[in-house]
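Have a look at the display first, then read on.

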Amino acid sequence: MVVIFDLLIQGAQMASVLLLAPLLTGFVRKIKARLLRRQGPSAIQPYRDLIRLLRKEVVLAENASWLFRVTPYLIFAFTWVAASIIPTFATDLTFSWTADLIAIAALLGSARFFLALAGMDVGTSFGGIGSSREVMIATLAEPAMLLTIFTLALIAGSTQLSTIAAVMISSHVGLRVSLGMALIALIMVAIAENARIPVDNPATHLELTMVHEAMVLEYSGRHLAMIELAAFLKLLLYISLISCIFLPWNLAAPGAGITAYILGMVAYIAKLAIGAVLLALFETATAKMRVFRVPEFLGAALMLGMLATLLLFVSRSL
Amino acid sequence: MMPVAVVLWCIAVLLGISVLAVVISRSPGATPVIYGASLSVSVGALAIALFQLVTAASAPLVTLVLPFGLPWLGAHLRLDALAAFFLVVINLGAAAASFYGLGYGRHETAPHRLLPFFPAFLAGMNLVILAADAFTFLLSWEFMSLVSWALVMTHHRDADNRRAAYIYLVMASFGTLALLLGFGLLAGAAGSYDFATMRTHGHTPAVTALVLTLTLIGAGSKAGLVPLHIWLPLAHPAAPSHVSALMSGVMTKVAVYGFIRIVFDLLGEPAWWSGMVVLMLGGVTAVVGILHALMEHDLKRLLAYSTIENIGIIFVGLGLALAFEANAMELAAALALAAALFHVLNHSFFKSLLFFGAGAVLTATGERNMDKLGGLIHRMPFTSFAFLIGAVAISALPPFNGFVSEWLTFQAILQSPNLPQWGLKIMVPAVGGLLALSAALAAACFVKAFGITFLGRPRTLAAERAHEVDRFSLVAMFVFAVLCLVAGTLPGIIIDALAPVTLALVGGRMPLQTSVPWLSIVPISEGHSSYNGLLVFVFIAFSASLTASCVHLFASRALRRAPAWDCGFPESATQTQYTSASFAQPILRVFGTLLFQARETVQMPAPGDPRPARFTLKKRDLIWEGVYEPIAGAVWYIAERLNHVQFLTIRRYLSLVFLALVILLLVLAIWS
């Protein structure tokens with residue numbers, strides 16, 4: 001009975017991230033539009049887009065290989081599995097011990113690996129430029145992410161997200177310089193990984209500065225739908241990750257009653273909304289940078305992560 | 001019969017095959033006979049080594065003494081857990097390479113230059129592992145080096161190969177010299193050259209430091225530690241591809257074995273700074289190796305540089321193990337050592353696989369230059385699939401094996417804040433950062449390797465006319481592809497198999513993994529950190545196929561082929577695709593300005609000027625220029641000066657000898 005209930009909760013988590021992800025992106029777009037004094041499309045527009053794309057036929061480039069056709073599903077699966085492991089409204093889910101934070105970062109790395117390959121599959125210059133820049137960004141974002149993970153793991157004594165959340169909510173963590181640095185580094189990585197302004201512009205097309213959109217240029221129909229959905233999920237994943245670590249309140253513990261779960265869900269949606277508003281505010285306030293300014297931006301994240309880890313190593317004996 | 005004796009017989013049979021190959025290698029049927037025989041012997045040795053590794057805890061250790069070698073010493077041979085593990089790595093790689101050779105060898109233009117040395121190379125590597133005295137060890141080490149040199153020289157008409165082989169020979173002799181001196185110090189004044197006596201010696205800190213340095217030079221040069229890596233990217237690709245796979249996937253592991261044997265086993269208690277030195281070298285090696293790999297356009301040389309990176313990762317694990325052992329943290333030391341050994345195994349899997357793939361591409365197109373390939377995924381579907389798995393695995397991505405060892409290394413790093421020394425406290429997070437950087441760069445590197453070679457449109461006629469390779473080569477690749485997945489999804493079994501090795505070397509072991517529910521792996525204890533490759537794999541496979549079938553069932557399955565979109569501006573010339581250099585250019589701009597001193601210049605003619613615009617990229621290899629060129633210059637200078645000594649009369653020679661004798665006796669007199 002308990003097992004079935006646990007599995008149900010895990011299932012609810014997997015379904016909720018999938019269902020909430022398009023709404024989150026729609027919400028961010030709506031707020032951005034309102035901040036620019038535009039009406040903007042409705043917040044549920046991404047769902048309509050996805051359904052429309054799913055129903056359309058796929059127009060496949062003549063020399064696209066099997067890898068090009070498999071990649072959208074693989075990317076979606078990698079992102080979905082990663083998102084399902086993050087404690088969103090409840091901790092210690094049935095499969096939360098399957099992968100720790102390092103593995104979650106690596107799962108996103110796998111998704112990126114295949115997306116970059118898909119960009120090169122058709123053999124167009126746009127695909128190449130996108131893949132080449134994506135891996136350049138990743139070579140800085142991934143180590144920054146890992147160093148942030150080191151910082152958190154050293155404070156919590158574990159790389160398991162549920163444990164980290166539990167430690168962060170306990171009182172003896174307090175305010176730490178390392179944590180602040182880790183938070184800033186993580187946000188910078190999240191912006192870069194989700195191809196948001198100032199690193200990349202999610203709304204742009206036909207522009208030589210684009211990265212993510214250049215890679216997926218040849219995709220259409222259901223393939224594009226899967227890739228879009230994966231991108232929505234990734235944004236949700238990062239906001240959930242940051243909120244689970246730095247705002248770990250109202251996460252339902254295992255065995256808690258049904259009210260705790262509902263409360264956790266409400267709190268989670270509120271956290272997502274806060275994240276979305278902050279993201280929209282930040283994006284409206286900044287301009288996109290040149291591609292070769294991105295390494296400096298991410299280099300700062302890397303150095304912050306490094307510094308945070310080093311501080312923890314050094315302060316351990318004091 | 002004792003396992004060690006069986007392995008010895010296998011070595012003897014391999015040497016016999018080698019002799020047979022000398023006789024028959026010019027006959028047309030020789031290739032399958034030699035590779036077939038090598039295959040069966042390797043499989044036999046593999047079975048024995050596996051059996052020995054599993055039963056290592058219970059079986060008594062026997063040292064076989066044979067009346068070879070130095071008359072007062074004899075040849076000591078022993079098969080302990082560490083040796084058994086490395087024998088598994090060697091013979092697995094050897095068996096697969098032999099199998100691959102059954103098909104690949106048919107295209108060999110000079111089999112008589114390759115076949116006699118191939119089994120001898122396998123024999124040499126096996127013998128290094130078995131050796132339990134310094135003389136046998138050095139003899140077989142040098143034998144292995146010389147035979148592999150002969151293999152590098154297989155295609156000796158190519159001037160590049162001759163140069164590669166020459167540099168290899170110089171570096172290998174230098175490395176052996178360092179090891180010889182190291183063993184001399186270990187043996188002490190009494191000159192006891194068998195390992196059992198060496199273990200009992202205590203050493204002064206100065207001797208320990210000297211032995212560590214000499215071992216780092218000797219074994220490190222063979223493994224490809226920066227800055228001693230210089231020969232590796234030249235020599236490994238020069239050999240035929242299955243030999244490249246053996247050299248990169250297996251022979252570098254013999255070097256790692258040499259390092260572990262001397263530093264962990266023979267040298268006794270390590271000092272904490274030895275861990276720091278090894279850590280630093282490992283971290284630098286990993287990043288320098290993978291950055292070089294990223295800049296490469298020759299597929300096989302890219303793989304060779306990536307070997308340097310992986311050796312760096314292995315040495316980071318070993319350095320951590322030394323640091324933990326020096327501070328009596330057995331559990332953490334066992335974790336770090338197990339991570340390093342796991343990576344040894346993993347690297348032998350995926351690097352062999354990737355070299356086999358590069359060999360298949362070479363057979364199919366005659367090209368190693370990625371910029372002349374492209375679109376091979378259509379013409380060589382099986383090779384490209386296997387290569388893809390190797391590329392994912394080596395990029396440390398789940399659910400494959402590369403990620404597991406990387407994950408274990410990170411977990412070991414997270415154990416290190418408790419180390420008391422300040423040097424280590426600062427070095428370990430820095431190396432952690434380097435390791436994270438090298439993992440990300442490795443993924444970029446293999447996106448490039450796979451993307452440029454196999455994806456896109458064919459850039460030349462040769463790539464367009466490629467054809468799938470023979471079944472033997474494919475089977476050899478797929479065996480390793482499956483092993484990559486198995487090691488990635490069931491890592492607990494391998495970690496448990498490593499327990500006797502870590503117990504023997506650092507006196508600790510990781511918790512028993514196979515008893516953990518759901519076959520997860522836990523580095524320290526349950527509830528601390530865990531990873532379950534099997535479930536990750538199942539989840540990904542399940543959700544991907546579920547989504548795909550749902551979409552196909554309920555949404556749409558219509559598909560139309562059309563010309564590429566490319567923003568409405570498709571370019572028909574295949575030369576406009578990204579090349580290996582253009583793909584790596586952003587990364588070169590970010591990381592290369594320091595390491596390679598890369599300078600880009602664009603010469604844009606004035607408007608109306610019909611001359612073409614020019615883009616020049618200048619790169620320098622600072623290690624080559626800063627370390628090797630001065631040494632080579634100095635040697636050359638001294639040789640020039642001493643040249644006239646070659647043309648003296650016999651009277652002068654005799655007086656020189658006399659003078660030398662007097663000086664030596666004087667030195668001796670003053671010394672004592």
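**Notes on the model**

1. In chain B, 80% of the contacts between residues at least 6 apart in sequence join residues at least 24 apart. Two residues are in contact here if their C-beta atoms, placed from the backbone, lie within 7 Å. For chain A, residues 24 or more positions apart account for 81% of the contacts with a separation of 6 or more.

2. Some ground rules. This is a predicted model, in which local features need pLDDT of at least 70 and side-chain atom pairs count only at pLDDT 80 or more, while totals for chains, interfaces and linings use all residues. Residues are numbered from 1 along each chain as its sequence is written, and chains are lettered from A and ligands numbered from 1 in the order in which they are written.

3. Overall dimensions. Chain B has a radius of gyration of 26 Å, which agrees with the value near 26 Å for a compact globule of 672 residues. The radius is taken over C-alpha atoms, and the globule rule is 2.2 Å times the number of residues to the power 0.38. Chain A, with 318 residues, has 20 Å, again in agreement with the rule's value near 20 Å. Along the principal axes, the C-alpha trace spans about 90 × 70 × 60 Å in chain B and about 60 × 45 × 45 Å in chain A.

4. Chain B comes to 25 helices and 5 strands, and chain A has 11 helices and 1 strand. Helices (H or I, at least four residues) and strands (E, at least two) are DSSP runs, numbered from the N terminus. Buried residues make up 56% of chain B and 59% of chain A. A residue is buried if 20 or more other C-beta atoms lie within 10 Å of its own, exposed if 12 or fewer, and partly exposed in between, with C-beta atoms placed from the backbone.

5. Helix α21 of chain B deserves a look. The helix covers residues 491-506, and its end C-alpha atoms are 21 Å apart, in agreement with the 22 Å that its 16 residues should span. The expected span is 1.5 Å times one less than the number of residues. There is a kink of about 35 degrees at B:Ala499, shortly before B:Pro500; the bend is the angle between axes fitted to the seven residues ending there and the seven starting there. Since 12 of its 16 residues are buried, α21(B) is largely enclosed by the rest of the structure. Both B:Ala499 and B:Pro500 are among those buried residues. B:Gly507, which follows the helix, has a positive phi near 75 degrees.

6. In chain A, compare helix α4 (residues 101-121). From first C-alpha to last it reaches 31 Å, close to the expected 30 Å. Here 21 of the 21 residues are buried, so α4(A) is largely enclosed by the rest of the structure.

7. How many residues does each chain bring to the contact between them? Chain B gives 72 and chain A gives 73. On the chain B side, the elements that each supply at least two residues are α15, α17, α18, α22, β3 and α23. The most come from α18(B), with 16 residues. By class, that side has 46 nonpolar, 19 polar and 7 charged residues. Ala, Val, Leu, Ile, Met, Phe, Trp, Tyr, Cys and Pro count as nonpolar, Asp, Glu, Lys and Arg as charged, and the others, Gly among them, as polar.

8. Strand β1 of chain A (residues 58-61) runs parallel to β3(B), joined by 4 bridges, with A:Leu60 partnered by B:Arg561. Pairing requires that DSSP finds at least two bridges between the strands. Within chain B, β4 and β5 pair in the antiparallel sense over 5 bridges, and B:Arg599 stands opposite B:Lys618.

9. Backbone details to check. A cis peptide bond, with omega about 10 degrees, joins A:Ile197 and A:Pro198, the latter in the loop between α7 and α8 of chain A. Chain B has a cis bond from B:Val226 to B:Pro227, omega near 5 degrees.

10. B:Ala396 counts as buried because it has 30 C-beta neighbours inside 10 Å, whereas B:Gln597, with 13, counts as partly exposed. B:Gln597 sits in the loop between α23 and β4 of chain B.
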